[in-house]
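I set out here what I looked up in this structure, entry by entry. The sequence and the model come before my notes.

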Amino acid sequence: MSVSELVLVRHGQSTANVDAADAADASQASKPSSTRRSVRDPDVALTELGERQSAAVGRWLATLPAGAAPEAVWSSPYRRAAETTRIAMTAAGLSGPARLDERLRDREAGVTDGATGGEIQGLWSQESERRRRLGKFYYRPPGGESWADVALRVRFFLADLDRAGARRVLIVSHDTPIVVIRYACQGLSEAEVLALEKTSPLRNASVSRLIRTADGWSVAEYNTVAHLSGIDW
């Protein structure tokens, strides 16, 4: 039995999201900044707001009729995604456990992890030029992954998911893997997936739904945050 619906949730706001926003603000003000973290990317936690967002996702899941509720839950093993999954499932009254799969982890940035665009340009001018030449989709930073690398592991995950037997599946992951899932399911081109990422960046705790019919996958909703109404941003 193949999967017929994917409910894709980006994790709630994390401490790294706040750090990145602060760094962007400092860059706009021409102030020195750095987003270097003191913990590994897999260990980045949710903020208090991220926890509230995760609970709101769960309350939304609880409103789904029995015939629309997820039959299986999968999550990235990274802490911010696993915490989002746990909080949402508790709020929704969903029995577990969720299954963790490293193929749903965030894209690995390698030596550029936590660095701003300006820092990359200043510290690794050769890498900046290589990225410009190869393009965002195929550029792989030293020790990291390209978007194409993420697509490869996502394709293997989706193939295994079809063999797992659930029709409606909830997936809690990160922005790049979720966008790449659309790329893989819908057969988007390199230009189309990068345009999607640029024009509609996924918000924290957003919900996207893909529906599969005999004609292929279609988007029922994308980057929806109506369930977060009333949450303090």
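Is R140 buried, partly exposed or exposed? I worked from a predicted model, and I found a relative accessible area of 43% for R140. Because that value lies between the cut-offs of 20% and 50%, I recorded R140 as partly exposed.

I then placed R140 in the chain: it belongs to the loop between α5 (125-134) and α6 (147-164). Leaving out residues up to four places away in sequence, I listed R130, E145, S146 and D149 as the residues that R140 touches. I also checked E127, 13 residues from R140 along the chain, and noted 9.4 Å between the two C-alpha atoms.

Next I turned to the sheet. I traced six strands in an open sheet with mixed pairing, in the order β3-β2-β4-β1-β5-β6. β3 (99-100) and β6 (216-224) each have a single partner strand, so I noted one side of each as lacking a neighbour in the sheet. Within the sheet, I found β1 (residues 5-10) and β5 (residues 207-213) running antiparallel and joined by five bridges. For E5, I read I211 as the bridge partner in β5.

My last entry concerns helix α3 (residues 79-92). I noted 14 residues and a reach of 20 Å from the first C-alpha to the last, close to the expected 20 Å. I listed R80, A81, E83, T84, T85, I87, A88, M89 and A92 as its buried residues. Among the elements covering them I found α2 (48-62), β2 (72-75) and β4 (168-173). Just after α3, I noted a positive phi of about 75° at G93.

How values were computed
Residues are numbered from 1 along each chain as its sequence is written. This is a predicted model: local features need pLDDT of at least 70, side-chain atom pairs count only at pLDDT 80 or more; totals for chains, interfaces and linings use all residues. Side-chain values use heavy atoms; hydrogens and water are left out. Helices (H or I, at least four residues) and strands (E, at least two) are DSSP runs, numbered from the N terminus. Buried means under 20% relative accessible area, exposed over 50%, partly exposed in between (1.4 Å probe, protein chains only). Contact means heavy atoms within 4.5 Å. Two strands pair if DSSP finds at least two bridges between them. The expected span of a helix is 1.5 Å times one less than its number of residues.
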